[in-house]
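Here's a quick look at a two-chain model and what sits between its chains. Have the viewer open while you read.

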There are 2 protein chains.
Amino acid sequence: MGIRDLVRKENLTYEDAMTIRKLVDLPGGFELHYGMFLPTLIGQGTEEQLDAWLGQALSMRIVGTYAQTELGHGTFLRGLETTASFDKLTDEFVIDSPTPTATKWWPGGLGKTATHAVVMCRLFLDGKDLGPHPFVVQLRDLETHLPVQGVEVGDIGPKMGYNGVDNGFLRFDRVRVPRAALLSRYAKVDRDGRYAPPPKANAKSSYATMVVVRADIVKYAGEVLSKAATIAVRYNAVRRQTAPEPGGLEEIILNYQQSARNLIPTVAKSYALIFMGQTMWDMYGRFEGQRDSGDFSALPELHATSSCLKALCTWVTTAGIEVCRQSCGGQGYSLLSGLPSLYTNYVQNLTWEGDNTILCLQAARYLVKQLHAILAAHRGGRPQPELAQTVAYLAGTVSDDPFLDVSRQDYEFHDLLSFEVLDSIMAQRCLFVAGQALDNLEANARRLDAEPKIGEGAAWNASHVIMVKLAKCHGWLLLHRSFHGKIESLRKEGKVSDASLRVLESLYHLFTISHIEDSLGDFLEGNVLAPSQSQLIHEATQALLLKLRPEVVCLVDAFAHDDYSLNSAIGAYDGDVYNRLYEMAKGSPFNDTQEGPAWDDLLKPFLTRRGRKAKL
Amino acid sequence: MGIRDLVRKENLTYEDAMTIRKLVDLPGGFELHYGMFLPTLIGQGTEEQLDAWLGQALSMRIVGTYAQTELGHGTFLRGLETTASFDKLTDEFVIDSPTPTATKWWPGGLGKTATHAVVMCRLFLDGKDLGPHPFVVQLRDLETHLPVQGVEVGDIGPKMGYNGVDNGFLRFDRVRVPRAALLSRYAKVDRDGRYAPPPKANAKSSYATMVVVRADIVKYAGEVLSKAATIAVRYNAVRRQTAPEPGGLEEIILNYQQSARNLIPTVAKSYALIFMGQTMWDMYGRFEGQRDSGDFSALPELHATSSCLKALCTWVTTAGIEVCRQSCGGQGYSLLSGLPSLYTNYVQNLTWEGDNTILCLQAARYLVKQLHAILAAHRGGRPQPELAQTVAYLAGTVSDDPFLDVSRQDYEFHDLLSFEVLDSIMAQRCLFVAGQALDNLEANARRLDAEPKIGEGAAWNASHVIMVKLAKCHGWLLLHRSFHGKIESLRKEGKVSDASLRVLESLYHLFTISHIEDSLGDFLEGNVLAPSQSQLIHEATQALLLKLRPEVVCLVDAFAHDDYSLNSAIGAYDGDVYNRLYEMAKGSPFNDTQEGPAWDDLLKPFLTRRGRKAKL
Ligand SMILES: Cc1cc2nc3c(=O)[nH]c(=O)nc-3n(C[C@H](O)[C@H](O)[C@H](O)COP(=O)(O)OP(=O)(O)OC[C@H]3O[C@@H](n4cnc5c(N)ncnc54)[C@H](O)[C@@H]3O)c2cc1C
Ligand SMILES: Cc1cc2nc3c(=O)[nH]c(=O)nc-3n(C[C@H](O)[C@H](O)[C@H](O)COP(=O)(O)OP(=O)(O)OC[C@H]3O[C@@H](n4cnc5c(N)ncnc54)[C@H](O)[C@@H]3O)c2cc1C
C-alpha cells in the first residue's frame, strides 16, 4: 500500500512499481491480485466485464485472488467439485460447494484480504456438466469486510514460509451471482442458457501464457539460488577455521575441497538458471512471431520444455539453497544468515504452477511421443518426422551420426573442455534413458497385460520413475546447451571482456562436468562413458574447482545483489561478519529486557520458589 | 516446569520424567541443563564441587548450560579465545573475552534462562597457555535474574526452528571466580598455581561418552524420519488424484510409481536407522565390558563408527523428511501437516555434536590409517594387523578371498536377495572408494609437493571430497549389515512372526538395493557391477516396491507414533484428512475475527479510502 502511495506521489510507472515490489520482497495479501486476478480478468473478460471490474481492480477498490485448487483436487483439475448452475428464471448462476472436499483451499490473499475472486467452477446448464469455467465472485462486503451471505472464508493456517500471504479456504452455500459473472471472452452462456464453447485457439493461447509464467519461475529460481550462493560464498571466503600448525593462521574454509565442491558448482548452477530463463524468453519471443502469423506449431515443444525446466530448476534451487546453508556451519541455521528463509519461502515453488513430478511426466509424454514417431517412421521406412529444435537429438535413437563415441577415446582433461564432446555425452545419456523409458513402458504393459499408452493408464503409471528421470535428463541437456549458447552470444555481442568470457567458460565446463560426476551412473550404465573414464571426470572436476577458486568471489559479486536484498549478517559485501552478527543479535526483541520475556510469569516463580540460595 | 510438579506430586522416577519430556516434545531453555550441564558437572566435578552445585542443580535452583562454541570457533576447539587466568594473590581465576570473536555463541538456554554455565576457557597459569578447560561460572543474579557484574549475555536471535530454546551469546569483562570454579576431577590447579594435568584415560572416557550421545542421535534420526514417513505414507494411502477414465474413481497416489519410490525406501531407511541406533548401543555395551577390565582398544573403532554414522544418519533423515514433504503436494507446505517443522527443527542435527563433514573426515582418517597398516604389512611381507570387526573387510584391499565376483555372474532377481551377495557388493564398493581415496591423497601430495599426511595438511585438505565419500560408503555398509543383523537376532529371539520377518526381510532388500540404484555410479565405476547388470538393479527395485506396497501402511503403523506426537492433520491413524485440515485451519488465530487482524489498521483505511463503490 505504501508502494501505491509512492507511485502516486512520484508519478512512477507500473514497471517502477513492480521493481519496488520485488526489492521490498515482502509478499502479502495482494500477490494474487496482481499475479492472477488481474491477468485472468484481462485475458478472459469481455469488454463489458472489463468496464465493470478493471477500473476498480486497478485502483484497488476491490482486491481479487484466483481460487482453483480445492481440498480434494489440485493436480486433477477435471475433478473440481464447486458447481455453478444456471438458473434460467432469474438469469443467475448458483455457486455451491456440495461436499467438504469441494472447499477451495490455498488461494493467496483469500484468507483475510480479498474481496473478490476468480473462482473455477464446474458449469452446469440444465443439469449438463460442461467442466471448469472461471467466475468472478464477490466474497466480502466492501464496507464491513465481512463475508457476504452464503460465503464462508478464512485462513488455512500457518505454513513453512510465505506467511505474509494469507492463503485461504472458501465455501459457498448456494450463492447467487449474475450471468455476467462468467468470464465470457471465450466460452459464453446466453440468456436462454445456451452454451457457446470456446474456440480451440483459446486453449492454445492459455498454454502460451503458461510458458511465460514458467520462464519467470526459472529466472526466479536462478535469482534465489544466486542469493544463497552469494551469502555462502562470501561467508566461506571470510570464515577461517582450523590452523594447520599450532598458533598458525587458520585456513579459509572455502579452501577446503569439500566447501569448494559444495559452493562453486552452486554458483555455476545459478548462472545456468539465470541464462536458461533468458533462453526461454527468447524461445517465447520466436513463438510470438509465429503465432501472429497463425502458426501454433511450436506450442507442444514450448510446453514440454517449460514443464521440465520449471520442475528441474526449482529442484536444483531447493537442493542448492540447502547445500549453501549446510556449508555455513551453525550460522546457516540462524535466521540472521538469511539462508533459512530463502529455503522455507522458496520450496513451495516445487508444488504450485504444477507439481514437479506431474510436470516431468508431461514433458516425458512429449518426448516419448516424438520417439514413437521416429521409431515408427524408421520401421516403416518412411522419412523421419520433422523435429523441433530442442528434441532434434532424439533422432539419434535410430542413427548415431552426430554423436562422438567418447567411451572409446583416450581423452585427457583438455579434450573434455569442448562443447561438442560434452554435448555428445549429455545427449547420448538422454537417448539411453529414453530407450530405457520405452522398454520399461513396454515391459510394464506386458506384465499388466495393458496397453503401453503414453501419458495415462496402468503401464504408464507403473513407469513413472523412469519417465521423471527422462524429463530431468532432458532438462539438464537444455541447461547445458543454454549455458554454452549464452556465452556464445555474449562473445558475439562483444560487450564482455575476453578474460570474463574465459571465466564463464570454465564455469560452464564445471557446470556440465560436475553434473556428469554427480550422475555418473547414467553415463556408465549407458556406455556413454567407460568405467575407466570416470577418473577423468573426477580429475576434471577437481581441476576446475581449483581454477575457479580465485574467481568465485567476483562471480557472486557479479550477481549484484545488494546488502539490503540479501538481508544477511554473514553475506554482506564487506565481509564484516562477526560485528554484524553481534549487532543484529543484540537487536532481537528477546533482548529488550535483561531478564527476558519469560522471567516475571514463568521463570521467577519457578526458580525462586523456596528461598533459593546459591552457594557459589 | 509442569513436569517437575507432576513428578513430585505423582512420585515419578527420573525415567518417567524423561519419557514425559520426550512426549511433550517442546524443547525449551532447560535442554542443556539436563543434556550437558548436569552430565559435565557429574563427570568432571570433584566430590566437593558436586556437594556445592549438584543439589541446587538437581532441584533446579540454579539452571546451567554448556558454553563452548564462540563466534570465531566451532569446529576448531583448540582455537577458543575465552581466557581464564589464575591470580595467585586472590586465589581466583579471571575470566575474559579478549576479542569480539571470543564471544560465546549458540549455547542453548544461555540467552534468557541459564543462571550458570560450564564455560570452556583457555587456562593460563603464569602466562602459560594450557588450552581449553571447563569452568562453572555464575551468569545471573539468583534473585533479580540480571547479569552479574562483568557479564554480558543475551539471545542470538531467531533460528530456522527450535525457537523454544533461547540459544545465547556471552561475553566476560574480567569476571573473577574462585579457584574451585575449575572442574577438577581430572586437571587441577593448586593454591600455588601449579598444574596437575589430567590422566590419559580421561580423554578416552570422554570419547566413550561421545559414542553414547551419537548412538542417541542415530536413534533419534530414525524416530524423526519414521514420523515423517508415517505422515506421508498415510496421506499418500488416503489421497486420491486423477481418474483413469472420465467419472471413474481416482487413483490412490501411493499407487503411482514415483510416490512409492519416494516413500517406501524412506520407510526402509527409518527402520535401518532405528536398528542402527540399537546396534550402536550393543557395541557400546560390549565396550563397557572391556573398559571395566582396563581394555580401551575398541575406542578408535567406536569413535570412527559413531562419527560416520552420526553424519550419514542425520543426512539421510534431513533428505528423507524433505522427500516426504514433497510427496504430499501442497499439504506438505502447510504446518498443519507436521512435516515442515519436523524439517526445520531437525536440520540443526547436521551441525551440532560435530559438523557432518568434519565427522566424515575423522572417520575417513581412521579408515585410511587401517588401510595404510594393511598395505604396509602386505608390502613388508608381515602378517596382517588385527582389524576391528567393522573394518575387517578392508583386508580385502590386498586379497579378495571373501568377495563374490558379482560382476561376472549371470544373476537374476532372486539371486540378489541374499545377504552374501549384497554384502559383497556393498563391501567391494567401499574397497574401491578406499582405493580411490588413497590414490587421490597421493596424487595431491605429488601435485602440491607435500606429505600425504592422514588427517591434516595440504594434500589431505585437497582430498576431502573423496574422504567424505569414503566415510559415507562405510556408513552405508554398516547400516546394511546392522539391518540384516537385527532381523537375524529377531529371528533367533522368536518373538516376531515368520510373516513379519519375511516383510522385514523384503524391506531390508529394498533398503540395500534401492541404495545401490541411487549410487549406481560407484558400483559401475568400481567394476563391482557390470553396466549390463544395472537393469537387474532397476528391476529388483521395482519388484520390491510392488511387493511391499500392500505392507507399507502396517509398516508405518508399527512405528507406533500416536496422533498426539505426530501432530499432523494429514497423518493421523484414522486417515480422516479433510475434516481435520478444515477444523485445524478454522482454529487458526487469524480466523478469530471475520475481518482478520489487519482490517482496522491497514486494510480498511486503504480499501475504503474514497467512498469506494462496487458495481457488481
Ligand atoms: C504456497 C502455495 C500457494 C498456492 N496458491 C494457490 C492459489 O493462489 N490458487 C490456487 O488455486 N491454488 C494455489 N495453490 C495450490 C497448488 O496449485 C496445488 O498445491 C498444486 O496444484 C498441487 O495440488 P495438490 O496440492 O492438491 O497436490 P496433489 O495433486 O494431491 O498431489 C500430491 C502428490 O501426488 C502426486 N500425484 C497427483 N496426481 C498424480 C498423478 N496423476 N500421477 C502421479 N502422481 C500424482 C503428486 O506428484 C504429489 O506428489 C497453492 C499452493 C501452495 C503450496
Ligand atoms: C541449534 C544449535 C545449537 C547449538 N548448541 C550449542 C551449545 O549448547 N553449546 C555450544 O557450545 N555450542 C552449541 N552449538 C554450536 C555447534 O557446536 C557449532 O555450530 C558446531 O560445532 C560447528 O561449528 P561452527 O558453527 O563454528 O562451524 P565451522 O566450524 O565454522 O564450520 C563451517 C563450515 O566449514 C567447514 N570446516 C570447518 N573446519 C574445517 C576443516 N578443518 N576442514 C574442512 N572443513 C571445515 C565445516 O564443515 C562447515 O561446513 C549449537 C549449534 C546449533 C546450530
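Is Gln68(A) buried or exposed, and at what relative accessibility? Gln68(A) counts as buried because its relative accessibility is 19%, and buried here means under 20% relative accessible area, with exposed being over 50% and partly exposed in between (1.4 Å probe, protein chains only).

Some housekeeping before going further. This is a predicted model, where local features need pLDDT of at least 70, side-chain atom pairs count only at pLDDT 80 or more, and totals for chains, interfaces and linings use all residues. Residues are numbered from 1 along each chain as its sequence is written, chains are lettered from A and ligands numbered from 1 in the order in which they are written, and side-chain values use heavy atoms, with hydrogens and water left out.

**Around Gln68(A)**

Look for Gln68(A) in the loop between β1 and β2 (83-87) of chain A; helices (H or I, at least four residues) and strands (E, at least two) are DSSP runs, numbered from the N terminus. Its side chain makes a polar contact with the side chain of Tyr66(A), at 2.9 Å. A polar contact is a pair of N or O atoms within 3.5 Å; within protein, one must be able to donate a hydrogen and the other to accept it, and residues adjacent in sequence count only if both atoms are side-chain atoms. If you skip neighbours within four places in sequence, Gln68(A) is in contact (heavy atoms within 4.5 Å) with Leu77(A), Leu80(A), Lys104(A), Pro107(A) and Met120(A).

**The two ligands**

Gln68(A) also takes us to ligand 1: a polar backbone atom of Gln68(A) is 2.9 Å from an oxygen atom of that ligand. Here it is alongside other ligand pairs:

| Residue | Residue atom | Ligand atom | Distance |
|---|---|---|---|
| Gln68(A) | polar backbone atom | oxygen, ligand 1 | 2.9 Å |
| Gly74(A) | polar backbone atom | oxygen, ligand 1 | 3.3 Å |
| Asp355(A) | polar side-chain atom | oxygen, ligand 1 | 2.6 Å |
| Arg239(A) | polar side-chain atom | oxygen, ligand 2 | 2.7 Å |
| Thr69(B) | polar side-chain atom | nitrogen, ligand 2 | 2.7 Å |
| Gly108(B) | backbone N or O atom | oxygen, ligand 2 | 3.1 Å |

On its own, ligand 2 exposes 970 Å², and the protein buries 91% of that; these areas come from the Shrake-Rupley method with a 1.4 Å probe, and for residues only the protein chains shown count as cover. The elements giving two or more residues to its shell are β1 (64-67) and α9 (356-379) of chain B. Ligand 2 lies between chains A and B, and 27 residues surround it, with Arg239(A), Gly330(A), Thr69(B), Thr75(B) and Asp355(B) the closest. To be near a molecule or strand, a residue needs one of its heavy atoms within 4 Å of it.

Ligand 1 also lies between chains A and B. Of its 27 surrounding residues, the closest are Thr69(A), Thr75(A), Asp355(A), Arg239(B) and Gly330(B). In chain A, β1 (64-67) and α9 (356-379) each supply at least two residues of that shell.

**How the chains relate**

Rotate chain B by 180 degrees, with 0.0 Å of shift along the axis, and it superposes on chain A with an RMSD of 0.0 Å. That is the relation of a two-fold axis. The C-alpha of Gly521(B) is the nearest to the axis in chain B, 1.7 Å from it. Both copies use the same surface, and 98% of the contact residues of chain B recur in chain A. Superposition is by least squares on the C-alpha atoms of residues with pLDDT of at least 70 in both copies.
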